[in-house]
Amino acid sequence: MIRVLIVEDEKPISDLIRMNLQSAGYQCDCAFDGLEAASKVENGHYDLILLDVMLPEVSGYELMPFIQPYGAPIIFLTAKDSVEDKVKGLKLGADDYLVKPFEIVELLARVETVLRRYHLTERVLEAGGLVVDTASRTVKKAGTEIPLTKKEFDLLLFFIRNKNIALFRDKIYENIWESDYMGDSRTVDLHVQRLRKKLNWENRIASVYKVGYRLELD
C-alpha cells in the first residue's frame, strides 16, 4: 500500500486530507510541525509527502534539503499563492504546488499524477467485487472480463479513486475529457448510465441532487 506523510499544522485540515486519502486507499501518517516531520521521514519510508510551507519549528522550505535525499516526491500545500512562492517551491525540488483552499478532488488528482510520474500507482485495484488492472486496462467481475470503452474505464477509475465523495459533473468532465466544462451534462450522464448498466452498479453509483454522482463503497 502507498504510504503518504501529511505535514500540516492545522489539525482540521490534516484530518480532512487523511480521511479522504485513506478512503482512496492510501496509508497515511501525520506530522504537525517541521521537527516531527523530519523525525518521521528519518525513521519511516514514504512514497509521497504532502508538505505545508508555514510550519512551527521548521518551515517546509527549510525542511526540503533534509527530506529530499530520502527520495519521496513532495507536493507543497500552502496559502502562499504568489508566483515567487510557487517558483521558490518548485526550484527547491517540489513536484507540485497546491494553493489553499483547494478541493479534495483536485488534491487526489494531483497525488495520483505525481505518483504515476514516479511509477508508484498501484496496478491492481479491487472495489465492489471488481478487479481493475490499470496497466492492462481490464475490468473483471467474478473472473469474467467486462468490456469498457476508454472513457468508461477512465470514469470507473476516477470514481474508485474518489469513492464515497460527491463529485460535481464539471469536475468529472474536466478530469475525464480533459477540457473545460461548458454546462452540458448529457455527456457525463450518458457515460455514467452505461457504466452503471455494464457493471450492474445502479445502486452503487448514486445520483447526488444538483451536484453529480457518488460511488458508494464500504
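An axis is a line fitted to C-alpha atoms, for helices over the stretch in contact, and an angle runs from 0 to 180 degrees between N-to-C directions.

Good morning. What you see is a predicted model, where local features need pLDDT of at least 70, side-chain atom pairs count only at pLDDT 80 or more, and totals for chains, interfaces and linings use all residues. Residues are numbered from 1 along each chain as its sequence is written, and side-chain values use heavy atoms, with hydrogens and water left out.

Start with two helices. Find α2 at residues 34-43 and α3 at residues 60-67. Their axes come within 10 Å and cross at roughly 20 degrees. That makes the pair roughly parallel. The term covers angles under 35 degrees; over 145 is roughly antiparallel, 65 to 115 is roughly perpendicular, and the rest is oblique. The α2 and α3 crossing is right-handed.

Who touches whom? Contact means heavy atoms within 4.5 Å. From α2 come G34, A37, A38, V41 and E42. From α3 come L63, F66 and I67. By class, that is six nonpolar, one polar and one charged. Nonpolar means Ala, Val, Leu, Ile, Met, Phe, Trp, Tyr, Cys and Pro; charged means Asp, Glu, Lys and Arg; the others, Gly among them, are polar.

Next pair. Helix α1 spans residues 11-23, and helix α5 spans 104-117. They pack at about 60 degrees, with axes 11 Å apart. So α1 is oblique to α5. Their crossing is right-handed. L16, I17, N20 and L21 of α1 meet I104, L107, L108 and V111 of α5. That contact has seven nonpolar residues, one polar and no charged.

We work on a 1 Å grid over the protein atoms alone. A cavity is a set of points where a 1.4 Å probe fits but cannot get out. A pocket is an open set with protein on both sides within 12 Å along at least five of seven lines. Lining residues have an atom within 4 Å of a point. Points join across faces, edges and corners, and volume is the space filled by probe spheres set on them.

How many cavities of 30 Å³ or more does the search of the whole structure find? One. The largest cavity has a volume of about 40 Å³. A24, Y26, L108, A109, E112, R161 and N162 line it. Helix α5 gives the largest share of that lining, three residues. The classes are four nonpolar, one polar and two charged.

On to the second largest pocket. It holds about 320 Å³ of space. Its lining has 18 residues, with A24, G25, E122, L125 and I160 nearest the centre. Both β6 (124-127) and α6 (150-161) supply at least two lining residues. The largest share is from β6, with four. Nine of the lining residues are nonpolar, four polar and five charged.

Last, two backbone details. The peptide bond from K100 to P101 is cis, with omega near -5 degrees. P101 sits in the loop between β5 (96-99) and α5. Then look at A142. Its phi is positive, about 55 degrees, although A142 is not a glycine. Find A142 in the loop between β8 (138-141) and β9 (144-145).

Definitions and conventions:
Left-handed = near helix turned anticlockwise from the far one by under 90°.
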